[in-house]
Every structure is written in structure tokens, then in C-alpha cells.
Amino acid sequence: TLGMFSSGIHTVRKIKMKGTGDTPILPFVAMATSGFLWFNYGMMVGDSSIAFVNFIGCILNCIYVLLYYWYTPNKSNVYKTVGAFTLMLLCIHLYSSWMHTHPDEAINFIGLVGVFITVGMFASPLAQLKVVMENESTESMSFPLAILVCLQSLMWWWYGVLREDRYIQFPNVCGTILGLFQIGVFLYYWNSKPKTVSSIMMA
């Protein structure tokens, strides 16, 4: 999992050299949000493994968001995305604190929200699928991230099976499937030459 979180370094280096281009901010923000939620879940259920890796992941992805903000010319999109996720986290915190006073209820609520956020996080790179298909190039997607998503999802699914925790099992089954799909997209366009702007407009 730490390897998956660290794979963002590859994307940040590419952004530093070539600019943000078609690379979306959404995966970084989604992973930071997911890390924050699962850190809280791990603390609530007393699982130090979940809490530790997601705390590190949250910090790393917050750094990636800051670096993305530094290099992107479209800073308003960063404001909107970060603002929307921050507001969502605030609402989740207020709802779980006020409406779910019993610890088990709060754990179930945070776990359920974590499932939806994590599935969205795994699917967020697919937001670039239209661009990938139009350009016939995977430059806006991260191949190391797709590999690591698939591997870490398989391992966390098995961890969830051992702990009999459905909130860990379900999103990681989805993550494995989505990771395999992204790998398939990369393999399909592996030797394709990126289309130029003029060729896309003529198509």
C-alpha cells in the first residue's frame, strides 16, 4: 500500500517536467480523502496496520496535491476539487458525531463511506479514459499506479477475509477488477503513437 501511495512520485516528476497537461487532480485528492477516512476507521476498530498505512498515504497525497497546485495553470479546478472533498469530510464527521453516538454505529457508518470513497478512488484514473481513447496514448495515466492498485487490492482483500471485515473486502475486490481493467487499457495502447491535435480534429 505504501508502494501504491509512493507511485504518485512518478506522476509528480512527469508533471514537473511536462506540466499537468491532461493529468487530473482527482486521483490525488481521492486518495488523500480515502487515507483520512481509513485512518479514522483503523483507529476506531483498533487496527494499527490500517491506521498507519493510511496516515502515511494521506500525508503523501496531500503533498502531491500541493505540488500539483504549484505546477498547474488551472488552479481554480484544484480549489473546486479540494473544496468539495473537504466539505464532504466535514459533513461525514458532523453526521457520524451527532447521529451515531454508539461506537459500533459510527464504525459501520465510516466503514460504509470508506467503501464508496475507495471504490471512487480506484475508478478515478478512468476519468481520463476518453482522453486516452481520443489520443490513443496513455501518457495521462500512471502504469505503476495501475499495477500497484491491483497488487495491493488483492493483499488487502485477503487481509479483510482473515479479519472477516466486509468493509475491507468489498472495495478491494472492486480495486482489483478496476486495476486489471487499467492494465488492459495500457496493454491495448502500448505501441500506439499519440495522435496530434490536428489529426484528432479531422477524425
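**The patch and its surroundings**

Modeller: The chain exposes about 11,400 Å², and carbon and sulfur atoms supply 70% of that area. Accessible areas come from the Shrake-Rupley method with a 1.4 Å probe; for residues, only the protein chains shown count as cover. This is a predicted model: local features need pLDDT of at least 70, side-chain atom pairs count only at pLDDT 80 or more, and totals for chains, interfaces and linings use all residues. Residues are numbered from 1 along each chain as its sequence is written, and side-chain values use heavy atoms, without hydrogens or water.

Now the patch. Phe55, Ile59, Ile63, Leu67, Trp70 and Tyr71 make a nonpolar surface patch of about 590 Å². Like charges are joined within 9 Å, nonpolar side chains (Val, Leu, Ile, Met, Phe, Trp, Tyr) within 5 Å.

Tryptophan 70 lies in helix α4, residues 48–71. Helices (H or I, at least four residues) and strands (E, at least two) are DSSP runs, numbered from the N terminus. The chain has 10 helices and 0 strands.

Tryptophan 70 counts as exposed because its relative accessibility is 66%. Buried means under 20% relative accessible area, exposed over 50%, partly exposed in between (1.4 Å probe, protein chains only). Cysteine 58 is buried, at 13%. Its sulfur is 4.3 Å from the closest cysteine sulfur, in cysteine 62, so the two are too far apart for a bond. A disulfide needs a pair of cysteine sulfur atoms within 2.5 Å. The count is 0 disulfides.

Methods
Patches are made of residues with over 30% relative accessible area and no salt bridge: like charges are joined within 9 Å, nonpolar side chains (Val, Leu, Ile, Met, Phe, Trp, Tyr) within 5 Å. A salt bridge is a side-chain nitrogen of Lys or Arg within 4 Å of a carboxyl oxygen of Asp or Glu.
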